[in-house]
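Student: Hi, can we go through a protein model together? I would like to ask things as they come up.
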Amino acid sequence: MLSPRNRMRHSSEFGTVMRSGRRSSRDTLGVIYLSPPASTPVPGDGPAPPRVGFIVSKAVGGAVVRKRVQRRLRHLMRSRLGDLPDGSLLVVRAKPSSSTARNEELAVQLDSAIAAAKRPKSASRRRRGRDRTRPPADPENGGAEGNRRPQAAGERWTSR
């Protein structure tokens, strides 16, 4: 069981993580990770511990199945709290296949998803289009055809 100080309890925390966090998904679960803020710590207060929240929807199963999946995920996360930096937030979202997955499989996928979500973005890993060329810019039209903003208040968007 997770300590109360390591659990996310407020919907505002969940909302912040869901809006701003980095996502990573696997077959049985997905994680959303929000790194700790880079603000200066308040003197006298120790570092905030990492906090974890769980989302197990009705698609996973009935109440008994959902609670069992949540207990299994909470147990797996307890040993992984040391890998998270202080002040970080993590949401673990169970998928329907998590109810039938073995603990070993859940553990491997949880480790993989957390590592991928914590990995910093790099320019070399981004997908790039295959030899796509942009249409030549039309200076009279403010750029490419159909991709310009209206200039006057009553002007409409141009069609493609």
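Tutor: Here is a chat about how this model is put together. Keep in mind that the model is predicted.

Student: OK. How many helices and strands are there in the protein?
Tutor: There are 3 helices and 4 strands. Along the sequence they follow the pattern α-β-β-β-α-β-α.

Student: And what is the strand order in the sheet?
Tutor: The order is 1-2-4-3. The sheet is open, has 4 strands, and its pairing is mixed.

Student: Which are the edge strands?
Tutor: Strand 1 (22-25) and strand 3. Each of them pairs on one side only. From one strand to the next, the twist averages 15°.

Student: What does pairing rest on in general?
Tutor: Strands of a sheet pair through backbone hydrogen bonds, and they can be parallel or antiparallel.

Student: So how do strand 2 and strand 4 run, parallel or antiparallel?
Tutor: Antiparallel, with 6 bridges joining them. Look at Ile32: it stands opposite Val91 in strand 4. Gly30 stands opposite Arg93 in strand 4.

Student: And strand 3 with strand 4, parallel or antiparallel?
Tutor: Those run parallel, again with 6 bridges. Find Gly53 here. Its bridge partner in strand 4 is Val91.

Student: Why is strand 4 called largely enclosed?
Tutor: Because 5 of its 6 residues are buried. The rest of the structure encloses it.

Student: Which unit do strand 3, helix 2 and strand 4 make?
Tutor: A β-α-β unit, and it is left-handed.

Student: Let me pick one residue. Where does Leu76 lie?
Tutor: In helix 2, which covers residues 63-78.

Student: Is Leu76 buried or exposed, and why?
Tutor: Buried, because its relative accessible area is 9%, and the cut-off for buried is under 20%.

Student: What is Leu76 in contact with, leaving aside neighbours within four places in sequence?
Tutor: Asn103, Leu106, Ala107 and Leu110.

Student: How far is Leu76 from Met1?
Tutor: They are 75 residues apart in sequence. In space, the C-alpha to C-alpha distance is 9.3 Å.

Student: Which residues of helix 3 are buried?
Tutor: Leu106, Ala107, Gln109, Leu110, Ala113, Ile114, Ala116 and Ala117. Their cover includes strand 1, strand 2, helix 2 and strand 4.

Student: And which are buried in helix 1?
Tutor: Glu13, Phe14, Gly15 and Val17, in a helix that spans residues 11-20. The buried residues of helix 1 pack against strand 2 (29-34), strand 3 (51-56) and strand 4 (89-94).

Student: Zooming out, what share of the protein is buried?
Tutor: Buried residues make up 33% of the 160 residues.

Student: Last one. Among contacts with a separation of 6 or more, what share comes from residues 24 or more positions apart?
Tutor: That share is 73%.

Key:
Residues are numbered from 1 along each chain as its sequence is written. This is a predicted model: local features need pLDDT of at least 70, side-chain atom pairs count only at pLDDT 80 or more; totals for chains, interfaces and linings use all residues. Side-chain values use heavy atoms; hydrogens and water are left out. Buried means under 20% relative accessible area, exposed over 50%, partly exposed in between (1.4 Å probe, protein chains only). Helices (H or I, at least four residues) and strands (E, at least two) are DSSP runs, numbered from the N terminus. Contact means heavy atoms within 4.5 Å. Two strands pair if DSSP finds at least two bridges between them. A crossover is right-handed if, with the strands pointing away from the viewer, the path from the first strand over the helix to the second runs clockwise. Axes are lines fitted to C-alpha atoms, for helices over the stretch in contact, and angles run from 0 to 180 degrees between N-to-C directions.
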